[in-house]
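Here is a short note for a colleague coming to this structure for the first time. Please read the points with the model open.

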Amino acid sequence: MPPKTVFTKNDVIEAAFEIVQRQGMQALTARKVALELKSSTAPVYSNFESIKGLEREVIKKAKDLLLDYTKRPYTERVFLNMGTGCAIFAREHRKLFSAIFLERDDFRDIIDEFLESLRKEMVKDKRFTAMSPDRRDALLLKMWIFTHGLSTLICVGLSKDESNEYIINTLLAVGTAVIGAAMAQS
């Protein structure tokens, strides 16, 4: 008899992540994870007390991928890259973006972790080093509101243009105005 296949917690998370990436969070069930793993549901329940715990791990993994997108060098501007990465993530991973930001409020703490990571990344932009932390936070919030809106339009297919050029130019135009106003207040 062949040895029994043992699935790790990470194997279960990976399988669940693939399901959510293809079909969305509402499709995540222990049975679907079992099908993805080609096993019974035992690995799911031996690694997680509930499907909610597995959902949380999938969202953490999606957040990490999103942060990777926000740190990529699309332009020479760190702050612009952050917004560009978020919008491109929404275009390339619609189901994951939706699961993180649009479907429920169960993951607020993970979203807060994401925004805190952006705060830390923002200080790498030399334009903002002399700005007080409160002013940087206000600027980040304003640009986050706009970026989230643009990303949501892209995610749900309501943007007529989803190209990198459009994303960068749109964020640059709005960002220039918002940053200019913030710098004038400093």
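**Notes on the interior**

1. Start with Leu66, which sits in helix 4. This is a predicted model. Leu66 has a relative accessible area of 0%. Buried means under 20%, so Leu66 counts as buried.

2. What does Leu66 touch, leaving aside neighbours within four places in sequence? Its contacts are Cys86, Phe89, Ile100, Phe101 and Phe114. Leu172 lies 106 residues from Leu66 in sequence, and their C-alpha atoms are 20 Å apart.

3. Next, the largest nonpolar core. This core has 57 residues. Val33, Leu54, Phe79 and Leu139 touch the most other members. Helices 1, 2, 4, 5, 6, 7, 8 and 9 each give two or more residues to this core. Helix 5 (78–92) provides the largest share, 8 residues.

4. How many cavities of 30 Å³ or more does a search of the whole structure find? The search finds 1. The largest cavity holds about 210 Å³ of space.

5. Which residues lie nearest the centre of the largest cavity? They are Phe79, Leu80, Gly83, Met143 and Thr147, from a lining of 18 residues. Helix 5, helix 7, helix 8 and helix 9 each give two or more residues to that lining. By type, the lining has 12 nonpolar, 4 polar and 2 charged residues.

Methods. Residues numbered from 1 in each chain as written. Predicted model: local features only at pLDDT ≥ 70, side-chain atom pairs only at ≥ 80, totals over all residues. Heavy atoms only, no water. Core = buried A, V, L, I, M, F, W, Y, C linked by side-chain atoms within 4.5 Å. Buried < 20%, exposed > 50% of the residue type's maximum accessible area, 1.4 Å probe, protein only. Helix = DSSP H or I, 4+ residues; strand = E, 2+ residues; numbered from the N terminus. 1 Å grid on protein atoms, 1.4 Å probe; cavity = no way out; pocket = protein on both sides within 12 Å on 5 of 7 lines; lining within 4 Å. Points joined across faces, edges and corners; volume = space filled by probe spheres on them. Nonpolar A, V, L, I, M, F, W, Y, C, P; charged D, E, K, R; others polar. Contact = heavy atoms within 4.5 Å.
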